[in-house]
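Notebook open, structure loaded. I wanted to look up a few spots and jot down what turned up.

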Amino acid sequence: MPTMVTDHNANALQLLRQEVLGMRARLNTLTPYAMQMPMVAAANVATEAQMAIERYMIAKRRELRGLFDRFLASLNALAPTPDNVWQTQRRYAHLKLYFQAVLSQFDIFADVLVQRSQHGMGVWLAGMDAAASDGLRLGRRYFEAPPVICYVDRGHGAAIRRARTRLPGGGSSPVAVIRMPRERMVGTGIAASLFHEVGHQAAAQLDLVNPLRQLLKQRRRMARKYPRAWQVWERCISEIVADLWSVSRAGISATLGVMSVVSLPRAFVFRVNLDDPHPAPWIRVMLSAAMGDALYPHPQWERLQRMWLSMYPKQLMSAGQRQLFEEMEASMPEFVALLLSFRSASLQGMSLGDVLRLPDRRPEYLQALWAQWKADQDRLKRAPPALAFAVLGQARAAGLIGAGQELDLIGRLLGHWALRSYLPDAAQPAIPVAAAA
């Protein structure tokens, strides 16, 4: 029996046509970010990052226009039959979901870029972009570093959307996007959180996590002592590698920053959650100091551990917590040695420790630099951002500067790095401290 053609079938197809025309019209209102973001020039993202984002979004707009045009062309050729209606509705539903996903991608980058128009904060963010890029730099010998852009948001912890990872609806992010919590925008906390997130990107570039996890899995199977401790090291290796990267770049600033982040009521600090990729906060601080001592030996790391023990003494732990943490402490020297001696093809025959250990991050050298730079802050401004953060953190840890002076200097440095990124060859004027909300 022939299919009946009715008005409601034709009306349904016409409705779908108008819906797609509406989505296409909405797409046409999306203009390049370079034409809509009001900000002072020094607050802008690096040209490389801006171009990567613009090229990605141009390609997505072109792809969507092609999908809309093909949908409309096929729709115009359809007879208004019941089968054609429901099949077209199904195609439309998938197209709409993809359109919404692409808009979400636009919003991800728009949310990051729109903060650049905020007075003070925009320039700080541009300075943080420069610091993050410097913290990721390992040399072309190992990998090509992607562009990095930063923004701030509510929340306790920082996070990263790594470059070349999947965006909502498909496609890979053309840049690394680091989200910093507003409460971390103080002193050493900026460097610790920033370089930890950079460490996640570096670990992906060097393909460190999965090989290390396999190595630790083998070590756990062989373990006659402390098998639970080795299980935790294996589960938490991705976050541990990021902490190691942070310590290698920022020195004691990184460990002080971790202490600040996890200084919470002791129920949280002692909590053991094997579903959390982070080590328990108590052991995370102890491990950060142990990794710092292995990279840059100095009595300061043991002093820091003792201070942490006085703040969160073991006698306040439950029997189960204390037993696990003592097993982890006992296995920690071997674990850190295994981590730093790790070798892979991506490291080109070098050990991880040799690749990450920087001669100018030794505590004695950092303090000597501060002694030279405190009276000549132009030299501090000329230093690479990661080194400048490490020098200030070392001075803070040694009691040579207070928190207020440290934040004042970091505010000036962030402004300087932002301006230097925009005017790399120009003479730098004095940068006033700008408040960051």
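Predicted model: local features only at pLDDT ≥ 70, side-chain atom pairs only at ≥ 80, totals over all residues.

I started with the cut-off: a residue counts as buried when its relative accessible area is under 20%.

Entry, strand 1. I looked up residues 148–153, which make up strand 1. Five of the six residues there are buried, so the strand is largely enclosed by the rest of the structure. Next I checked its pairing with strand 3, residues 176–181. Six bridges join strand 1 to strand 3, and the two run parallel. I also looked for the residue opposite Asp153, and found Pro181 in strand 3.

Entry, Asp134. Buried or exposed, I asked myself about Asp134? Its relative accessible area comes to 13%, and because that is under 20%, Asp134 goes down as buried. Asp134 sits in helix 4, which covers residues 121–136. Then I asked which residues Asp134 is in contact with, leaving aside its neighbours within four places in sequence. I got Pro384, Pro385, Ala386 and Leu387. For Ala386 I noted a distance too: a polar atom of the Asp134 side chain lies 2.8 Å from the backbone nitrogen of Ala386.

Entry, Arg382. I found Arg382 in helix 16, residues 377–382. Arg382 is exposed, with a relative accessible area of 59%. Last, I looked at how Arg382 sits relative to Leu413. They are 31 residues apart in sequence, and C-alpha to C-alpha they are 9.6 Å apart in space.

Key: Residues numbered from 1 in each chain as written. Heavy atoms only, no water. Helix = DSSP H or I, 4+ residues; strand = E, 2+ residues; numbered from the N terminus. Buried < 20%, exposed > 50% of the residue type's maximum accessible area, 1.4 Å probe, protein only. Polar contact = N/O pair within 3.5 Å; in protein donor to acceptor, adjacent residues only side chain to side chain. Contact = heavy atoms within 4.5 Å. Pairing = 2+ DSSP bridges.
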